[in-house]
Amino acid sequence: MSCYALIDCNNFFVSCERLFRPDLADKPVAVLSNNDGCIVARSNEIKALGIPMGVPLFKVRDIVKANRAVLFSANFELYGDISQRIVQLLREETPLIEVYSIDENFIDLSELPIRDRKAWAKRVRDRILKEIGVPTSVGVAPTKTLAKVASTFAKTHGDGTWVVESDEERQAMLRELPIEDIWGVGWRLAPRLKDRGVSWAAQLTDASDAWLRTQFNVTGMRMVDELRGIPRLPFGDKAEQRKTIMRSRSFGHTVRDYFQLESAVAAFVTQAAARLRAQDSVCDGLTIMLQLASRDRGRKRYISRHVKLPEPTAHTGQLIASSLEGLAALYDVEGAYKKAGVTLTGIVDRSAWQLSLLHQEHDERERGVVLMQSVDTLNRRFGRGTIWHATEAKRHAQWQSKRERQSPRYTTNLTDLPRLHR
């Protein structure tokens, strides 16, 4: 019988900040988005104040100030490193792990000799808290969707773990699950279902397939099957294989200079290419996007350019060169830009790489693969950005987002290590 666990880090960004600031354990803490514009992570104390996720800071500034809430700029380098440490710890339990997001990991428990899954979930949760310091919620269930629901229940029921093994336990959980909280439904579809008398997950799973097909596409029907306890979602490598990879960011200020845009685009390509290689894939094209500054705040203007590659690749240098061709075609010396982004397209597994006979020689291509593997190894070992392309122009990257409240990179930068004074 299939069985999955979801390990979900509680208020992850906030928990990472509190690791090195124990004085903030019971105080309201929030983490801000790029350019310190919106709240993207909240402690339970912030939630209790009625501050919603994603709200612009200026709308709740008075509440934040009155309650002496502590604000941090997003420190993604710190969060990424803590996330990797959690994954490494979980791999000591089993190699059957799917890294779903920076704060969520699925584990396939189907073949593991676990007699008491509740005890296993509690032991893993306690181990992460003791060895890394991040509180988690662990859900265990027959499908990935049910495991995600169980992890949500674990936050508010009992000791931070929730295990669903019998059909009675599954149905009892779904009777308490609002339709809008189902993974895959969301706020857009929920009102339509409620209008048709479906307000709880149990009502959805009890509905006939004929009626459900009038409401959902194939993906939605898979979600319903998962709620019924029938596994429909792929696990592991098949689930992690992305068909597109995008990296983008709003600038800290309006950018007009071409070389600043060039630096930003090269940095985004570098990040996307590293993710592409991490899933052992190559791409055959990329799209460059720019957002123009507009006097009308309610209107966003975007321009984009797609570049087809001579042959599929995951080589950062080749991708940067092609991306700059697209940027040059978009750039207007009179323009002003607020944001840039890069999307890698036409992604296929490297094992299915269809190589062109008209371009690089085999030996040259293999040297490029080995070079990128070496760069990735060094950047993993010594920190992202240890090896970088000159086009990124890190020392002059004035386009970077504002991070006026960023905490030190305690675990990835020697200069940011805490110092003891006599």
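Predicted model: local features only at pLDDT ≥ 70, side-chain atom pairs only at ≥ 80, totals over all residues.

User: What makes the set of 34 residues a nonpolar core?

Analyst: A nonpolar core requires buried residues of nonpolar types joined through side-chain atoms within 4.5 Å. The largest such set here has 34 residues, and Phe12, Ile86 and Leu90 have the most contacts inside it. Strand E1 (4-9), helix H1 (12-19), strand E2 (29-32), helix H4 (76-93), helix H5 (117-131) and strand E7 (136-141) each supply at least two of its residues. H4 gives the largest share, six residues.

User: Which residues does Leu90 touch?

Analyst: Leaving aside residues up to four places away in sequence, Leu90 touches Ile7, Ile97, Asn105, Ile107, Val124 and Ile128. Another core, of 32 residues, lies apart from the largest one and includes Val255, Ala266, Leu324 and Tyr337.

User: Why are E5 and E8 called edge strands?

Analyst: The open sheet has five strands in the order E5-E6-E1-E7-E8, with mixed pairing. Strand E5 (97-101) and strand E8 (161-163) each pair on one side only, so they are its edge strands. From one strand to the next, the twist averages 15 degrees.

User: How do you know that E7 and E8 pair?

Analyst: Pairing needs at least two bridges. Three bridges join E7 to E8, so the two strands count as paired, and they run parallel. Val140 has Val163 in E8 as its bridge partner.

User: What does H5 touch on the sheet, and what angle does its direction make with that of E8?

Analyst: H5 packs on the sheet and touches E1, strand E6 (104-108), E7 and E8. The direction of H5 makes about 155 degrees with that of E8.

Conventions
Residues numbered from 1 in each chain as written. Heavy atoms only, no water. Buried < 20%, exposed > 50% of the residue type's maximum accessible area, 1.4 Å probe, protein only. Helix = DSSP H or I, 4+ residues; strand = E, 2+ residues; numbered from the N terminus. Contact = heavy atoms within 4.5 Å. Axes fitted to C-alpha atoms, helices over the stretch in contact; angles between N-to-C directions.
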